[in-house]
Amino acid sequence: MNDLTLAQQFSLVGLNGQDSLHGTVVKKAALRCVAAAVVLEAWLEGIFVQEGERFVLDLSKTEAFCEEPYRQLVMKTLLPKGKKAELSWWIRKASGLSKRKLTRLEHAITAPLRKQWLIEDIPGLLGCDLYLHSSGVEIKEYRTDNQTFTRITESVRAEVLEEGSITDETICMLWLLRESGCMHDLFSQNEMQTIAEKMGNLYRSHPLARQLYRLQIRRGFELAYKQFLKFKRRAVQTVTGSGINFLFPALERSQSVFIEMEAWFSNPERRLKDIKNRLESQGHEFTVLREGQIPLIKIDNVVYEAIPHAIYGRVPIHGVRLLPRRPF
């Protein structure tokens, strides 16, 4: 993992499970954070110099830094206007790249990762859903190499949740996770309180955190979208609100997938067998972490609960609903 840059590490976390064919709102938010991560990489590698509480670009080092295509795409676009600008200016401008340039950035950042077999395109998990399984609609999503994904996420969790100093790279990663909406993928609700306290302490004591944590790159429609997800996350924690996950599965990073069973009132073993058959037929990597009435299954780096469920129409259809369980 040491040979992966900050932008590459964040991409492997932020793009995992995202639609690889279409520019969804959630993926766009992740790509804007990838662009911001390039600027933060420049800071970590000494391309910016500190003047008091300001960080200013050192032009003598930019040429060597921009050898990687994804770095060149971000920095060369902004360099003519930002030679003397502060860190906050660079991050705001980088995160505001046009849709066309974000698409180019997506290809530039994923191409070398594909060559190293760290990320790949797989059939989307939604393709296992009853309504999409036989429709012929192609759904593709990114899947990060399982071991690499675990190393990155566990490294961040260990550094933040345990006592001790926090590196500049992890300070940047926390901000990227917050701005991309990925924070809830890595930390539980209780852990979020610890994270908030840590980030508050860093903001008061660390020069980089003081510059960075006051910045927000969410805007317009996406801000409203995030607010809706926030409402939804609170609502589904109640008994009456839990059904919202079934109504709006596509609006979350999470996915709610219904897999029908071959027989009515199947026993747990038969249900689990049917789930395995569907996942194997769609080419997903999975590990059964717990069997029983409600199995726990890790599918493509995300842990799901398989809850018995039924759809009632003219004829009731019995099956299971895969609901993501985070953090794992």
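Visitor: At what angle do the axes of helix H4 (residues 69-78) and H5 cross?

Guide: They cross at roughly 115° and come within 10 Å. The model is predicted: local features need pLDDT of at least 70 and side-chain atom pairs pLDDT 80 or more, while totals for chains, interfaces and linings use all residues. Residues are numbered from 1 along each chain as its sequence is written, and side-chain values use heavy atoms, leaving out hydrogens and water.

Visitor: Which residues make the contact of H4 and H5?

Guide: Val74, Met75 and Leu78 of H4 meet Trp89, Trp90, Lys93 and Ala94 of H5, where contact means heavy atoms within 4.5 Å. By class, six of these residues are nonpolar, none is polar and one is charged.

Visitor: What makes H1 roughly antiparallel to H2?

Guide: The axes of helix H1 (residues 6-14) and helix H2 (residues 25-44) cross at roughly 155°, coming within 8 Å. That value falls in the class over 145, so H1 is roughly antiparallel to H2. Residues of the contact include Phe10 of H1 and Leu40 of H2. The contact divides into 10 nonpolar, three polar and one charged.

Visitor: Why is the aromatic pair of Phe48 and Trp90 called edge-to-face?

Guide: The centres of Phe48 and Trp90 are 5.9 Å apart, with 80° between the planes. Rings pair if their centres lie within 6.5 Å, with planes under 30 degrees apart stacked, over 60 edge-to-face and the rest tilted; therefore Phe48 and Trp90 are an edge-to-face pair. Phe48 is in strand S1 (residues 48-51) and Trp90 in helix H5 (residues 87-95), 42 residues apart.

Visitor: How do you know that S5 and strand S9 (residues 317-324) pair?

Guide: S5 and S9 have four bridges, in the antiparallel sense. Pairing asks for at least two DSSP bridges, so the two strands pair. Among the partners, Phe258 is bridged to Arg321 in S9.

Visitor: What makes strand S5 (257-260) and strand S6 (286-290) edge strands?

Guide: Each of S5 and S6 pairs on one side only. They belong to an open sheet of five strands, in the order S5-S9-S8-S7-S6, with antiparallel pairing. The twist averages 35° from one strand to the next.

Terms used:
Axes are lines fitted to C-alpha atoms, for helices over the stretch in contact, and angles run from 0 to 180 degrees between N-to-C directions. Angles under 35 degrees count as roughly parallel, over 145 as roughly antiparallel, 65 to 115 as roughly perpendicular and the rest as oblique. Ala, Val, Leu, Ile, Met, Phe, Trp, Tyr, Cys and Pro count as nonpolar, Asp, Glu, Lys and Arg as charged, and the others, Gly among them, as polar. Rings of Phe, Tyr and Trp (its six-membered ring) pair if their centres lie within 6.5 Å; planes under 30 degrees apart count as stacked, over 60 as edge-to-face and the rest as tilted.
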